[in-house]
Amino acid sequence: MSVAASTASEVTLATIASGRTRDRDIKSLLFLGALWFSLFFGIMVLLALIIDTAIAGAPRLDGNLFTRFESTLFPERTGFKAGIVGSLWLMATTALLAIPLGIAAALHLEEFADGTRWYNKLIEVNLQNLAAVPSIIYGMLAGAIMSFLGFAFGGIVIGGAIALALLILPVVIITTREAVRAVPQDIRQASLALGATPWQTTWRQTLPSAVPGIATGTILGLSRAIGEAAPLILVGIATVRFLPTGLDSKVTALPIQIFNLSSNSQEAFQTAASAAIIVLLVMVLAMNAVAIIIRNKFQKSW
Amino acid sequence: EGGSGASGSVTVDGSSTVYPMSSAAAELLADENSDIEVSVGFAGTGGGFEKFCSGDTDISNASRPIKDEEATACTDAGIEYTELLVATDALTVVVHPDLAVDCLTTEQVVELFGPNSKVTKWSDLDPSFPDTKVAGFIPGTDSGTYDYMAADVVGDESETLREDFESSEDDNVLVQGVSGTEGAVGFFGYTYFEENADKVKALQIDDGQGCVAPSAETAQAGEYTPLARPLFIYVNNAKYNDNEAVKAYTDFYIENLAAIAKGAKYIPLNDEDYAETKTALEGLAG
Amino acid sequence: MEADGLNVFYGDFHAVHDVNLQFGKNEITAMIGPSGCGKSTVLRCLNRMNDLVAGARVEGSVLYHGQNIYEKKVDPIAVRTHIGMVFQKPNPFPKSIYDNIAYGPRVTGMKVDSMDDLVEEALRGAALWDEVKDKLKQSAYGLSGGQQQRLCIARTIATKPDVILMDEPCSALDPIATSKIEDLMMQLRDEYTIIVVTHNMQQAARVSDRTAFFTAKPDETTGNRTGLLVEFDRTKQLFSNPFDKRTEDYISGRFG
Amino acid sequence: MEADGLNVFYGDFHAVHDVNLQFGKNEITAMIGPSGCGKSTVLRCLNRMNDLVAGARVEGSVLYHGQNIYEKKVDPIAVRTHIGMVFQKPNPFPKSIYDNIAYGPRVTGMKVDSMDDLVEEALRGAALWDEVKDKLKQSAYGLSGGQQQRLCIARTIATKPDVILMDEPCSALDPIATSKIEDLMMQLRDEYTIIVVTHNMQQAARVSDRTAFFTAKPDETTGNRTGLLVEFDRTKQLFSNPFDKRTEDYISGRFG
Amino acid sequence: MSDALTSGPPPGAGLTAPDLSARSRPGEAVIKALLLLAAVLSIGITFGIVAAIIGPTIEFFQQVPVGQFFATKDIGSQDIRPAVVPLMMGTAITTAIALVVAVPFGLGAAMYLSEYASKRARKWLKPTVELLAGVPSVVYGFFAVYFVTQIVLQGWLGLEVSFFNSWSAGLVLGVMIIPTVASLAEDALSAVPQALRQGSFAMGANRMQTTLRVVFPAALSGIAAAVVLGLSRAVGETMIVTMAGGAAKNMSLDPGEGRQTMTAFIAQTAQGETPVGTPGYNMLFAVALLLFAITFVINAVSIAIVRRFRQAY
Ligand SMILES: Nc1ncnc2c1ncn2[C@@H]1O[C@H](COP(=O)(O)OP(=O)(O)OP(=O)(O)O)[C@@H](O)[C@H]1O
Ligand SMILES: Nc1ncnc2c1ncn2[C@@H]1O[C@H](COP(=O)(O)OP(=O)(O)OP(=O)(O)O)[C@@H](O)[C@H]1O
Ligand SMILES: [Mg+2]
Ligand SMILES: [Mg+2]
Ligand SMILES: O=P([O-])([O-])[O-]
C-alpha cells in the first residue's frame, strides 16, 4: 500500500537502531548490580556463617557430642545430650500447646467470627501487635504464669514450653488463617447446601484443604521456637546435666547450652559450641526446607 | 560414701566463683551415681543466699561469709545451715596481655575501680604507664566478688565500684572482654585466670611489701593481700538429713575436696583447714 | 413451594423487592433476567443459603409444604437437606468421586443400608455412572467440567431432597456438556421439583415449564438497582406472548 | 508503518498467524474482531510491548520508517518513545497530573525548554487543559475515568511520538466520555498515526479510515484458536461491502 | 399478575410436610465456644503481659524516683543501678546500625525479586532470603563475636574496637532483619498493578526508571510498614546484642565501644537472678514495660501507615 511510511527520518532511525538499549545503559547496569548485591549479600553472610561454623566445629562432630552431658572439667568431651533431648521435649510440648490453640483461634476468626463485631476487630489488631512483641517479653509472661501456677523452681519443661508457645502462637494463627482463607468459598457452599452444619463443613472440608498451609506455618513457627534462647533465660532455664522425666522436671535447651558455652573463653569449649551450632542449624534448616517444599508442592491454585 | 544407692535431686546456686567446683563435684559424682540429679546455678553469692534462705535451694555457694542480714533472713525462715570452707581464692586483677603494666599498688587498685574514679587512661594512674584507654570488665553487683572488691578492698562507704565498666555475672564474659579489648582491665577468681592464662595477664599486687603475683602458694601463705579470700558452701541442715541425694552430694564433695579443687583448678585447702571442714561436716549429720 | 412477599436486603441495600412466586411440584421453573436483578439472591432464599452471607436480611416468607422456612423454630440445616442446590461453577470436593457422593448422607446422618448402592443410584440418577464406575476412588478433580457438574447433581440427589435449586448450572460448560445437563434436568423432573436460574433464554425455553422474568429498577434518589419480578407464567406463554413490555424487550434482545 | 508476516506465540500456543498490515500515516486504523482473536497481541507487537510478556515470541517483522523494529540492534525502549500506547483501563501513575505528563519527557531525557509549557501543550492536545489547569499538582486519581483516559493520552503525546496505539481506549468509559475520546482521536489524526483496537463496530465505523478484521480459527487437532487477519480495507468499503463472508457475518451481528 | 395458580398444580399438594423443626446441636455450640475462647485468649495474652509486668514496675517506682530511672547516669547506692537512658541509647545505636544494613539491602532484594527475577527464580530465592530470619539468634550472636568482631573488624579491617561493640551487634542484627524488610516490601511492590508498569514502559521508560519512579513510590506505604516492622524486630532482638554488644551502660556515641541495650539488660539481669523484690530486680520489669510500650507504639505506627496510605490504585 502506498500510504505506508515513506519519509523515514534520519534522526529517528539513529535513535531506535543505535545498537544500545537504555535497559543496559551504565546507570541501569549499576542499579541491577546493586540489586543483585543486595540479594546475595544476605545469602553470602549465611554461607560465611555456615562455613565458618562448620570449620570451627568439625573437630567436635563426634559421638560424645550427642551422648554425653556437659562437662566443665573436660572440654574435649563435653556433650549436648541434655540440650538436644531437652530441645526436643520443649518443642513437642510447645507444639501440643500452640498448634491446637492457634488453629482453634484461627478457625474462629476466619470461619465463625462476625468481623463487624468490636471484639473480633480487637482480636485482629491485637494479633498484629502480638506478632511484633519481643520474644523476651513472652519469657517474662511465661515466668509470671509459672509463679502464678505456683511452681517454685524455674527452668522446667512446662515453663519453657509456655514461653515458646506464646511466642509462636501469633505465627500459627496468622498462617492458619491465610491457609483457611485460601480455601475457596465454593467448597464451603457446596457442603452447606448438602445439609452439613458449619462445623462439619469446617472440620471435613475447610480444614483438610488447608492442612499444607497450616503445616508450613507451624513448622516455621516451631523452627523459630527451637532456636530461641531469650525467653528460656527469662523462665530460668540454664544448663543441667540430666534428661527431663516429665513436664515439671528441670531441662536445658540446645540454644541455652550454646549461649552458655559461647562465653567460655577456653577454645575447646568454643569448638564444642560450634559443633552444637551445626546441630542446631541442621535442625532449623531442615525444618525450613520441609516447610518450603510443602509450600511449593501443595500450593494449590484451585 | 559416694552414696551409690542414693537417688534424687540437689539444687545448688550462688557464687559464680565457686560454681566450677560445685559443678565439678556434680560431674564427678555423676560418674559414680547417675541417679542423682544435681543442678548448679551461678546467681552470685547474694542471689544464692536469697534463694537459700527462702528454702528454694539445698546448698548455696559463697565467695564471702554470709552477711548478718542474710543470716537473719535464714533464721526467720527457720532454715538452719552449716558453713563449709572448701577452697581459697586469689582475686586476680587481669589486663590485656599486650598492656605494658605489670604491678599495681593497693592504692592504685582503689583509684582504678573506686566509684569516683577519674582514670580513663592508664597514664592517669601512673605517668610511666602507657597512654592507652582503660576499658573495664568487672563482675556484676550480685556477685560476692564485686562485694569483696567494693567493701573489703576499695572500702568506699557506698560499697560500690565505678559504673562505666562492663559487668557480668559470668566470669567467662569478663575473660573474653579483657582478652579481646586493648587496654582492658578486669578482676575475677583465680581459677578463671589460670584457665585463661594464655589470654590475659595477671597483675602483681603491692600491698606495701613489694609486688606479689597471685598463686596457690602466695594465697595459702597469706602473702597475697588484700585480695586472697576464702570460698564456702552453705548446706541446709534439714535438707542434708532428709534428702539422701543432698547428703550423698555433700559427702562426696568434701570427701574428694582436694581432687575437685585440683580438677577445677582451685587452690586446695591446707591440711589444717581441711580438717576443720571435715569436722564441720560431721557436725551436720545430726 | 412458594415465595410470599420476599424482600431481601444486603445491609442497607434493597436487593430484591416483594417477590411472589409459586413453584409447581415436579416442574422445572426457570428464572431469567438481566445481570444483577436478583435471580441468584431469590434462589438462595429458597434454601436459606442467604443465612451465610454476612449482612443479608430476608423479609417475607418462603413456604415449603405449607411451612414457612424462615420461622424461628425451623432448622436451616434441615431445610438444606430437603432443598438441594447446584452452583454455577462445578464445585466438587477435593476428594474421591465416591466420597463426594457419600459426603451428604454421612454428614446428615442418613440411615443407609449400603453406601455403595446409594452412590451407584445417585450416579445413575445423574447419568454419570457409566463414565465413572471404574474410577470411583479417584479424585473428582480428574473429571471434565461437565462431568464435575453432573457429579455435583449426583451429590445433591444422594441426600434425597425433593427440590433442587440450580444457579446457572451450565454457564461454565461447553455446548455438549450443556445439552447433557439439560437432558438430565428433564429426566429429573419426574422425581424432583427443579428451580433453575439461567442467562440463556433458549435454555429456559427448552427445558422449563414455567418462567419467571426479573428485572432491576434503579431507585430515583440513590440510583441503587432493586430487583423485582416482572412476569411469571407458563414458559410457552411467556415467550410467545409476553404480557409485559419489558419482558418482550428482553426476550427479543433489545436490552440486558 | 507496516507489519510483515507477523506470527506470535505464547509458549507453544500459536496466537496470531501471518498478519500483513500497512498503516497509513496520519490515518486512524481500527482493528476489530471477536474476543481472543489476537487484536491486542498484534497491537502490542507494534511497539514491542510483547517483550515484557514472559513466554511471548514474535516472528516476522514490523517496519517503522522502513526499519524492522525487531532487528537486534534496535532498542525496544527507544521504539516505545516513538510509538506510544494507551490502554483499555486508564492507568495514570499515582502522582500529580503534572508529574504524570512530565514523566515521559523526564525518563527519556527529552530536551525541553520549559516543562510547564510542554505539560500545557500536551494537556491542550488531549482536550483536558481547561478541566485540570487549576489542579495540576493534585493527584491524577482524583479525575474521572474519562479524564484519566485523556490524561493517559496527554501523557503519551507529551513524549512526541508519531504513532499512537490504543487498546480499546473507551471500553471502560461511559458514553459521554467515549464520545469525547472519539472527538479527540479525530483531532489527533492531523498529527499522529493512530492504530486502535475496538470491540465496538460503530466506533470503528465512526472514527477510522481503515479497518482490519481479525478472527480466530480453531486448530483441527489441538483446538487451539489462532488469530488471523481476514480483511483489511478502507472502513467505508469494509462495512458497506465486505469482501469476505466472515466479515459480513460479524458486522451484521451473526457471530462473535 | 400471573395465572400460575390456575394453570399449575397446587404446590406441594398431597405430601406430608417434612420435619424441619430446629434441633439442638450441643456439640456444635460447645465447639464454637471453644474456638471463641481460643481467640479471646490472644487478648488475654496481651493483658497477661501488661499485668505480669506492671506490678513489679509499680513497686520499682516506689523504690526509685522516676527521675532516677530516666537519668543518664546511675545515681543510687549499693545494688541499685536505675538509669535507663544509657540502655535506650544502646538500643538506639544498635538499631540504627541494623537499619543502615537492613533497609538498603532489604529493599534492594525486594526490588530484585519483584521487578527483575523470573517467577521460577523468585519461588526459590525468596525462601532462601527468608532463611536468614530462620537462623537462631544465638547462632548469630556467636557469629558476631567470633567472626564479625574478631576476624572481620579486628582482623581484616584492623579496627580498634572493643571486644564487645555495637558495630558487630548492629551489623549482624541488620543481616537478621533483612528478610523481614525484604519480604514485606516485596509483597508491597508485587501488589502494584501491572497496568502501571505497562504504562511506564509504553512511555519509553526503562526497567530501572519504572522500578524507581513508578513502582517504588506506588508501594511506598507498604515499604514504610516493612521498614517499621524491621525496626521493631531490631529493638526487640535479645541474644545478638547480649552476646556481642556487651553490658556497659555507655552514653558515648562510638559504635566501637560496647553498650548494653534494653533487651540485653533484661536477659543479663534475669540470668544473674537478682534477688526478687529488690529494686535491681524490679527494674527488669520497668525496662520490660518500656520496651513493650516502645514496640507497641512502633507497631501501631506501622499499622496506621498502612491504613492511612493504602493505595486504591
Ligand atoms: N453478598 C452480597 N453483598 C452485597 N450485595 C450483594 C451480594 N450478593 C449480591 N449482591 C447484590 O445484589 C444484587 C442482586 O445480585 P444477584 O447476584 O442476586 O443478581 P443476579 O440476578 O443473580 O445476577 P447475575 O445474573 O449476574 O448472576 C446485585 O446488585 C448484587 O450486587
Ligand atoms: N500473556 C499471554 N500468555 C498466554 N496467552 C495469551 C497471553 N495474552 C493473550 N494470550 C492468548 O492469545 C490469544 C489472543 O489474545 P488477545 O488478548 O490478543 O486477544 P484480543 O483479540 O485482544 O481479545 P479481546 O478482544 O478479548 O481483548 C488469546 O487466546 C489469549 O488467550
Ligand atoms: Mg447470579
Ligand atoms: Mg484485547
Ligand atoms: O559470683 P561471686 O562468686 O562473685 O559471688
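The model is a predicted one. Two other pairs stay apart. Chain B and chain C do not touch, and 53 Å separates their nearest C-alpha atoms. Chain C and chain D do not touch either; for this pair the nearest C-alpha atoms are 12 Å apart.

## Chain B as a whole

Chain B has 13 helices and 13 strands. Its radius of gyration is 19 Å, close to the 19 Å that the globule rule gives for 286 residues, so chain B is as compact as a globular protein of that length. Along the principal axes, the C-alpha atoms of chain B fill a box of roughly 65 × 35 × 30 Å.

Burial comes next. Of the 286 residues in chain B, 60% count as buried. The chain exposes about 10,400 Å². Carbon and sulfur atoms supply 46% of that area. Contacts in chain B reach across the sequence: among those between residues at least 6 apart, 75% join residues at least 24 apart.

## F165(B)

F165(B) sits in the loop between α6 (144-154) and β8 (166-168) of chain B. Its relative accessibility is 3%, and F165(B) therefore counts as buried, the cut-off being under 20%. Leaving out residues up to four places away in sequence, F165(B) touches L112(B), F113(B), V134(B), A135(B), G136(B), I138(B), V185(B) and A248(E). One of these partners, A248(E), belongs to chain E. F137(B) lies 28 residues from F165(B) in sequence, with 5.7 Å between the two C-alpha atoms.

## Ligand 5 in chain B

The residues around ligand 5 are S15(B), S16(B), T17(B), G44(B), T45(B), S63(B), S143(B), G144(B) and T145(B). By class, this shell holds nine polar residues, no nonpolar ones and no charged ones.

For S15(B), an N or O atom of the side chain is 2.3 Å from a ligand oxygen. For T145(B), the distance from a polar side-chain atom is 2.4 Å. For T45(B), it is 2.5 Å. Ligand 5 has 200 Å² of accessible area on its own, and the protein covers 100% of it.

## Ligand 2 in chain D

Ligand 2 has 14 residues around it. The nearest are S35(D), G36(D), K39(D), S40(D) and T41(D). The shell has five nonpolar, six polar and three charged residues.

Polar pairs to oxygen atoms of ligand 2 come from backbone and side chains. G38(D) places a backbone N or O atom 2.9 Å from a ligand oxygen. The side chain of K39(D) has an N or O atom at 2.8 Å. A polar side-chain atom of S40(D) lies at 2.6 Å. On its own, ligand 2 has 630 Å² of accessible area, of which the protein covers 65%. The elements giving two or more residues to the shell are β2 (13-22) and α1 (39-45) of chain D. α1(D) gives the most, with four residues.

## Ligand 1 in chain C

Of the 14 residues around ligand 1, S35(C), G36(C), K39(C), S40(C) and T41(C) come nearest. The shell divides into five nonpolar, six polar and three charged residues.

| Residue | Atom in the residue | Distance to an oxygen atom of ligand 1 |
|---|---|---|
| C37(C) | backbone N or O | 3.2 Å |
| G38(C) | backbone N or O | 3.0 Å |
| K39(C) | side-chain N or O | 2.8 Å |

Taken alone, ligand 1 exposes 630 Å², and the protein buries 65% of that. β2 (13-22) and α1 (39-45) of chain C each supply at least two residues of the shell. With four residues, α1(C) gives the most.

## R48(D)

R48(D) is found in the loop between α1 and β4 (56-64) of chain D. Is this arginine buried or exposed? R48(D) has a relative accessible area of 11%, so it is buried under the 20% cut-off. Not counting residues up to four places away in sequence, R48(D) touches I69(D), Y70(D), E71(D), V74(D), P76(D) and R80(D).

How values were computed: Residues are numbered from 1 along each chain as its sequence is written. Chains are lettered from A and ligands numbered from 1 in the order in which they are written. This is a predicted model: local features need pLDDT of at least 70, side-chain atom pairs count only at pLDDT 80 or more; totals for chains, interfaces and linings use all residues. Side-chain values use heavy atoms; hydrogens and water are left out. Contact means heavy atoms within 4.5 Å. A residue is near a molecule or strand if one of its heavy atoms lies within 4 Å of it. A polar contact is a pair of N or O atoms within 3.5 Å; within protein, one must be able to donate a hydrogen and the other to accept it, and residues adjacent in sequence count only if both atoms are side-chain atoms. Accessible areas come from the Shrake-Rupley method with a 1.4 Å probe; for residues, only the protein chains shown count as cover. Ala, Val, Leu, Ile, Met, Phe, Trp, Tyr, Cys and Pro count as nonpolar, Asp, Glu, Lys and Arg as charged, and the others, Gly among them, as polar. The radius of gyration is taken over C-alpha atoms; the globule rule is 2.2 Å times the number of residues to the power 0.38. Buried means under 20% relative accessible area, exposed over 50%, partly exposed in between (1.4 Å probe, protein chains only).
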